[in-house]
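Please have the sequence and the model in view while reading.

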Amino acid sequence: MKRVPDTWLIWLFFLSLGLNTPYALAKTVPENNFFRSIRANQKESYITFSQGMGNLEPLIFEGLVAPYFLLRTNRDSRWGATLSPAIMIRMQATESFPVRTPSYMPQLSFYHQLTRFLDPDEPVRYLFLTLAHHSNGQDEPFYLEDGRINTRSGDFSTNYFEIGAFFNERIIPFSHTTEYFKTSLEVHVNLDRSRELEGQYSFLRWNNSFRINKFSFKRLRSLFNGRIHTFDDIPIVQTLINTSWMFGDMDDTGFWDITERLNVEAMISYRPKILKDVSLFLRYYNGQDYYNMFFYRRIHTLQFGLQAYSF
């Protein structure tokens, strides 16, 4: 795979941020809670201001570009799919501001609503299956001559599927909120995978996600009056907690070693009235580095930035 010039990546990043605002389109297309919840299951594009506080190297920004296409046959279908060509980049705060080995993470997901008839007041429950790829577009040796991992041009590639369930339950009554919970298993298959990952990269992961969206009081009232546009608004405040437990061989790490096997992310975002389609966020992450060849290290970082909602 040829290396993509950094300049094109940067232009693609900012262009895609603009594309990742399906809110305006969604306002013109009637949509039930099933597809609204599918949108809530998507990763939001974001850009951080610098590397934040922690042990990451100096960065100008870290950005995730994750636009998606929602595929469905009709508005009442119990099946749906999304296609996303997600890319993550880190621009380093060094001479010429290089972007080293971006993460290419395209994925295709399928969804099936479990209940046959969807009452606007009923919780949403569906199963999903995701087929995904993660690579850095490089083809040089995995290791340098001195035995270190080649983080600049080494070949990183893995493919996996993720299967799980998504629930929408109102846990906190009279709080103007909607809660989502997702649990899944992530399985990396031995198909065009970098063989050097054996023994040091987890191929089986248990992922969990809990999200609370706080809407305005006006929109909360629509939850009880049977209107079909129940969730047709962008939340003012969003709280997200993600956890991932990594199984398998990881450099002789103990099975119960929580300091090496557990990844934790906590984020809160706020959308002020002057920002229609984006929000400000504060994010803390502690766990394995998710940026391709840097998987070998643990990072902890507190970051601040802008987020584009997937709603």
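This is a predicted model: local features need pLDDT of at least 70, side-chain atom pairs count only at pLDDT 80 or more; totals for chains, interfaces and linings use all residues.

A search of the whole structure finds 18 aromatic pairs, and two of them are described below, each by the distance of the centres and the angle of the planes.

**An edge-to-face pair**
- The ring centres of Tyr46 and Phe281 are 5.8 Å apart and their planes stand at 75°, so this pair counts as edge-to-face.
- Because Tyr46 belongs to strand β1 (residues 45-48) and Phe281 to strand β13 (residues 278-288), the pair ties together parts that are 235 residues apart in sequence.
- Tyr46 counts as buried, with a relative accessibility of 10%, and Phe281 is likewise buried, at 1%.

**A stacked pair**
- Phe167 and Phe181 form a stacked aromatic pair, with 6.4 Å from centre to centre and 20° between the planes.
- Phe167 is found in strand β8 (residues 157-169) and Phe181 in strand β9 (residues 177-189), so the pair ties together parts that are 14 residues apart in sequence.
- Phe167 is partly exposed, with a relative accessible area of 27%, and Phe181 is also partly exposed, with 34%.

**A cluster and charges over rings**
- One aromatic cluster is formed by Phe34, Phe35, Tyr111, Tyr126, Phe166 and Tyr180.
- Phe35, a member of that cluster, has Arg72 over its face, at 4.9 Å from the ring centre.
- Arg193 lies over the face of Phe203, at 3.7 Å from the ring centre.

How values were computed: Residues are numbered from 1 along each chain as its sequence is written. Side-chain values use heavy atoms; hydrogens and water are left out. Rings of Phe, Tyr and Trp (its six-membered ring) pair if their centres lie within 6.5 Å; planes under 30 degrees apart count as stacked, over 60 as edge-to-face and the rest as tilted. Helices (H or I, at least four residues) and strands (E, at least two) are DSSP runs, numbered from the N terminus. Buried means under 20% relative accessible area, exposed over 50%, partly exposed in between (1.4 Å probe, protein chains only). A charge sits over a ring if NZ of Lys or CZ of Arg is within 6 Å of the ring centre and within 35 degrees of the ring normal.
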